[in-house]
Amino acid sequence: LPALILRRNATLLVGSGDFTQGLNHGLLERGEIIAGINDTQQEKLAAHIIGKVMIEVFKVRFGEWVKTVKSPSAEEIDQAIRFCLVTFLFVNGNHDDWKRRLGVSPLSAFRSALERYLEESIVDIVEKAGFGVKNLHSIVRSKIVKDNLSQKIHYVSPFSGLKVKSTHPG
């Protein structure tokens with residue numbers, strides 16, 4: 001997937017739900033999920049998988065940018081991070097939403113684990129290049145977009161103006 005994103009010069013990665021398998025319908029007993037992995041662990045695993053794709057793309061793009069600069073300002077580094085990190089647009093799937101009945105917000109552990117993974121990885125990459133990071137948390141938060149299905153326009157690409165709507169078939 002990272003190679004495809006790079007080849008197409010994509011700026012948006014879309015996830016249409018079911019980041020977790022969930023525990024309903026006896027899925028654990030039927031052997032359809034990893035034994036002993038609860039909903040929170042499933043969300044964290046999904047975050048790591050999505051984060052890995054995003055970071056692989058970031059590494060390449062940031063590495064190419066580094067070759068073009070000598071002494072960038074903090075603002076230029078922030079701008080490069082924004083440009084090099086794909087935006088991740090996502091919605092809940094029905095499996096993710098099953099936990100609502102238990103009073104749990106779906107994908108909250110997913111989002112925080114994804115943010116943490118991206119921030120730690122980006123700091124490592126940027127510091128290895130010899131630069132510091134200023135506004136990383138706000139940059140990363142702006143690149144993880146949870147689609148609000150109650151709105152008519154869900155996401156508008158800042159680069160092309162393309163309007164994107166993501167739905168889950170469940």
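Select Asp18, which lies in the loop between S1 and H2. Helices (H or I, at least four residues) and strands (E, at least two) are DSSP runs numbered from the N terminus. Asp18 has a phi near 55 degrees, a positive value in a residue other than glycine. Most residues other than glycine have a negative phi. With a relative accessible area of 29%, Asp18 is partly exposed; buried means under 20% relative accessible area, exposed over 50%, and partly exposed in between (1.4 Å probe, protein chains only).

The model is predicted: local features need pLDDT of at least 70 and side-chain atom pairs count only at pLDDT 80 or more, while totals for chains, interfaces and linings use all residues. Residues are numbered from 1 along each chain as its sequence is written, and side-chain values use heavy atoms, with hydrogens and water left out.

Asn9 is exposed, with a relative accessible area of 54%.

Now display the protein chain as a cartoon. Six helices and five strands are present, and from the N terminus on they run α-β-α-α-β-α-α-α-β-β-β. Of the 170 residues, 42% count as buried. The accessible surface comes to about 9700 Å², of which 53% belongs to carbon and sulfur atoms; these areas come from the Shrake-Rupley method with a 1.4 Å probe, and for residues only the protein chains shown count as cover.

Select Glu43 in helix H2 (residues 39-66). Glu43 is buried, with a relative accessible area of 3%. Which residue forms a salt bridge with Glu43? The partner is Lys99, the closest N and O atoms being 3.2 Å apart. A salt bridge is a side-chain nitrogen of Lys or Arg within 4 Å of a carboxyl oxygen of Asp or Glu. The pair links distant parts of the chain, 56 residues apart, with Lys99 in the loop between helix H4 (94-97) and helix H5 (108-128). Both Lys99 and Glu43 are buried.

Keep Glu43 selected and show Phe110. The side chain of Glu43 reaches the backbone nitrogen of Phe110 at 2.8 Å. Contacts of Glu43 (heavy atoms within 4.5 Å), leaving aside neighbours within four places in sequence, also include Thr20, Pro106 and Leu107.

Further along helix H2, select Gly51. Gly51 is buried, with a relative accessible area of 0%. Not counting residues up to four places away in sequence, Gly51 touches Leu114, Tyr117 and Leu118.

The structure holds seven salt bridges, one of which joins the side chains of Glu56 and Lys52 (3.3 Å, N to O). Salt bridges that share partners join Lys52, Glu56 and Lys59 into one network. Are these residues buried or partly exposed? Glu56 is partly exposed, with a relative accessible area of 25%; Lys52 counts as partly exposed at 39% relative accessibility, and Lys59 is partly exposed at 39%.

Notes. Polar contact = N/O pair within 3.5 Å; in protein donor to acceptor, adjacent residues only side chain to side chain.
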